[in-house]
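Hi,

Here is the structure I promised to pass on.

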Amino acid sequence: MVASTSALRDGAVRPSREDPNSRVGRSSRASIARFLPVVPSILLLALFMAGPVIWSITISFTNTALTGREAKDPSWVGFENYTRLLQDPGFPISVWLTVVFVIASAVIGQNALGLAIALLLGRVTRATRAIVTTIVVGAWVLPEIVAAFAAYAYFADDGTLNQLLAGIGIDGANWLYEFPMLAVILANIWRGTAFSMMVYEAALNDVPPEITEAAVIDGAGGLKRLVWVTIPMIRGSIATNLMLITLQTLAVFTLIWVMTKGGPGISSTTLPILAYQEAFKFQEIGYGSAIAVVMILIGAVFSVLYLRTIRPGRDA
Amino acid sequence: MRFSRVLAGVATVSAAALAFAGCSPAADESKTITVVYQKTDGFVALDELFQKVKPEFEAANPGITVELEPIVADEGDYATKLALMQQSAETAPDVFYEDTFRVRSDVDAGYLLNLDEYLAEWEDWEQFNDGAKEAGRADDGSVYAVPLGTDTRGIWYSKSVLEAAGVPLPWEPKSWEEILETARAVKAASPDKVAFNVYSGKPAGEGSVMQGFGMLMYGTDDTLYDAEDQKWVTGSQGFVDSLAFIETLYGEGLAPAPDVALDGSMWQKLFGEWFPGGQIAGTIEGSWSPSFWKQDGSYEWPEYVDDIGVAAFPTQNGQGDGAVSLSGGWTLAVGAQSQNPDASFDFLAMALDRENALEYNIANSQIAVRADVAEDPAYLEANPFIGFFTDLVSVTHFRPATADYPQISAEIQAATEAVMTGQMSPEEAAAAYDDAVIGIVGDENVTQ
């Protein structure tokens with residue numbers, strides 16, 4: 001089953017190779033012609049994506065700084081930045097906070113809430129649907145800096161949340177100081193759920209109603225239909241969505257910087273904040289780049305995990 | 001055909017890109033000098049100075065245009081932006097505003113032009129006092145920057161708040177313990193007021209060292225940097241004691257709540273709301289404080305003349321001189337990559353001549369570094385505290401003048417933040433600082 005599926009897919013992509021009648025010359029000319037239009041975009045990607053990545057990996061092996069002798073004559077220091085990073089007591093904390101932030105706010109928060117809203121939207125009236133969609137998407141369309149300030153104003157000690165709580169007689173905590181991670185996680189869920197919701201809405205629309213109906217006739221209840229029919233049918237979308245929001249959340253900087261500046265102390269210093277602090281506050285570009293490279297690796301681990309486990313076509 | 005159209009499109013875009021790149025004003029570069037400096041809602045004095053000098057300079061030097069590029073950012077971000085601009089000759093400024101403590105480090109980085117030749121021909125240079133001449137000197141003995149003024153630091157207190165707490169005036173604490181006692185008395189009398197502020201934590205930046213930890217450290221029997229041996233001191237009791245004072249102040253709730261203190265804009269509240277509103281008893285602050293309260297200042301408050309008292313900050317147990325102050329100050333420098341260094345220096349000299357220096361020192365409540373400004377009656381009468389803070393020069397200390405200082409300062413800020421939030425004990429934070437210092441300067445440049 002596995003073999004036949006993949007053969008079919010390969011065949012669909014490259015029919016010419018299995019076609020004994022095709023003339024080699026024409027085929028290669030055709031593929032060059034087909035390749036040509038994407039050349040500019042590949043060049044642009046190489047210039048603006050691969051370039052900086054390669055640059056930051058290179059820089060991470062030097063002691064480049066923004067001031068002092070190393071700014072004028074940076075020298076090659078091998079793995080020194082990485083060994084120093086591993087010995088830094090703040091580094092494991094930062095990695096842990098990053099993983100907590102990604103899993104709590106993206107994998108669980110945005111993903112599950114987005115799916116739940118998308119499922120519920122399928123059963124409500126058109127008016128409700130429009131209102132809910134507008135509210136959820138509202139947070140998404142805000143520029144990141146505006147959303148960050150809104151979240152700051154909401155969670156601040158004299159902010160909206162505490163004023164609401166005071167209205168019902170509860171003396172609210174100082175969220176940004178006492179529970180900084182909770183505050184930034186909730187803010188990121190608020191901001192990002194719309195994306196997951198829209199992905200899942202589109203995916204659910206593609207689930208053929210016959211199949212759901214067949215499941216109903218077979219006597220499957222709501223939960224059973226969700227677990228055994230709907231989720232397997234939208235598995236591809238789940239994998240793509242998880243990958244996108246994970247990488248996006250891994251890179252969240254503005255939201256946390258505006259809300260807590262990574263503080264108090266280091267209690268909300270995720271890796272992007274740590275990299276920024278080292279590179280631009282402590283002015284050690286080389287060391288900051290080493291942290292950025294570690295972030296690339298963590299992103300790669302998450303991506304491979306999703307591709308291996310959930311992507312359809314592997315074992316389906 | 002389709003592809004040819006795509007190719008044409010690509011060609012057009014590339015041509016446009018090339019044309020765009022070719023646009024950079026290479027030919028006119030030497031006719032324009034760019035001036036980069038900091039401007040915030042609380043600091044407009046320099047902007048006003050340059051706005052005034054620009055037309056005068058352009059009139060005196062026909063054909064040369066001065067381009068003012070204020071950077072709206074706090075001191076840390078300003079330094080980072082300036083350093084990033086220095087990475088390319090295209091964006092590097094001709095004249096810029098530079099903190100004295102970054103001069104040596106930035107000279108090492110090759111950002112500053114050696115001014116020796118220019119200063120030798122500048123007749124005003126002899127008006128600058130010796131401290132000011134040293135401030136811009138680098139390890140090679142040459143001068144790279146000219147100070148705009150200097151500052152000293154001490155205690156600013158609210159007479160009305162202390163009176164309400166039953167503290168006899170004038171308040172002249174003789175040791176750290178007396179500060180704590182008074183602060184506890186204020187806290188007991190009015191629990192919702194800030195009893196005593198010592199700037200701490202990373203968001204306050206260099207302020208956490210100059211108006212914070214440093215004022216404590218230099219009043220102990222130990223020092224941060226052994227200037228004779230040129231080594232950084234680790235494992236000192238004075239360092240732990242200074243952190244312990246901060247821990248006590250924040251731990252007992254005498255200082256502002258840590259979450260407020262960790263907002264980089266707290267100083268604006270302090271000047272704009274707390275002192276005028278009688279919500280704070282005392283703080284360590286710089287000689288420039290009246291610049292905010294004076295007429296047309298950012299937080300105008302005419303009553304400050306009567307309500308504010310000042311005192312020298314005591315040493316730990318009253319040892320030594322009994323008082324301590326730290327001095328810094330900012331300079332103007334010429335960019336090493338400037339296309340027109342002559343005009344750039346002329347601009348710097350005009351901005352720092354007698355008349356402009358006088359105006360700037362008064363507007364920004366700076367301690368004058370020019371002898372002719374320091375004796376000017378207009379300067380001496382500018383605010384009631386200027387004499388007191390000028391006298392503090394006799395007990396003042398300067399920061400370690402080494403290229404590593406900015407990085408080490410950042411480590412001190414991290415140590416104060418760890419202590420004020422209770423994440424580390426003073427001993428732990430001091431140990432973490434020691435490790436960081438060894439990492440920055442190397443084992444051979446550290447002493448116990």
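B:Arg153 has B:Gly286 as its bridge partner in β9(B). That bridge belongs to the pairing of β5(B) with strand β9 (residues 280-286) of chain B, which is antiparallel and runs over five bridges. Strands here are DSSP runs of E with at least two residues, helices are runs of H or I with at least four, and both are numbered from the N terminus. Two strands pair if DSSP finds at least two bridges between them. β5(B) also runs antiparallel to strand β10 (residues 308-311) of chain B, joined by four bridges. In β10(B), B:Ile308 stands opposite B:Ser158.

How many residues of β5(B) are buried? Six of the six in this strand (residues 153-158) are, so β5 of chain B is largely enclosed by the rest of the structure. Buried means that 20 or more other C-beta atoms lie within 10 Å of the residue's own, exposed means 12 or fewer, and partly exposed is in between, with C-beta atoms placed from the backbone.

Before going further, some housekeeping. This is a predicted model, where local features need pLDDT of at least 70 and side-chain atom pairs count only at pLDDT 80 or more, while totals for chains, interfaces and linings use all residues. Residues are numbered from 1 along each chain as its sequence is written, and chains are lettered from A and ligands numbered from 1 in the order in which they are written.

Elsewhere in chain B there is an open sheet of three strands with mixed pairing, in the order β11-β12-β14. Its edge strands are β11 (313-314) and β14 (396-398) of chain B, each pairing on one side only. Two bridges link β11(B) to strand β12 (residues 323-327) of chain B in the antiparallel sense, and B:Phe313 has B:Val324 in β12(B) as its bridge partner.

Among the helices, α15 (residues 341-351) of chain B is mostly covered, with eight of its eleven residues buried. B:Phe345, B:Phe347 and B:Leu348 are among them.

Overall, chain B has 21 helices and 15 strands. Its radius of gyration is 24 Å, close to the 22 Å that the globule rule gives for 448 residues, so chain B is as compact as a globular protein of that length. (The radius is taken over C-alpha atoms, and the rule is 2.2 Å times the number of residues to the power 0.38.) Of the 448 residues of chain B, 49% count as buried.

Now for where the chains meet: 26 residues of chain B and 23 residues of chain A make the contact, counting two residues as in contact if their C-beta atoms, placed from the backbone, lie within 7 Å. On the chain B side, α20(B) gives the most, with five residues. That side divides into twelve nonpolar, eight polar and six charged residues. Nonpolar covers Ala, Val, Leu, Ile, Met, Phe, Trp, Tyr, Cys and Pro, charged covers Asp, Glu, Lys and Arg, and the others, Gly among them, are polar.

Finally, chain A is divided into domain 1 (1-59) and domain 2 (82-310), with bounds from an automatic or database domain assignment. Chain A averages a pLDDT (the predictor's confidence in each residue, from 0 to 100) of 84, and 90% of the residues score at least 70. Over residues 1-20 of chain A, pLDDT stays under 50.

Cheers
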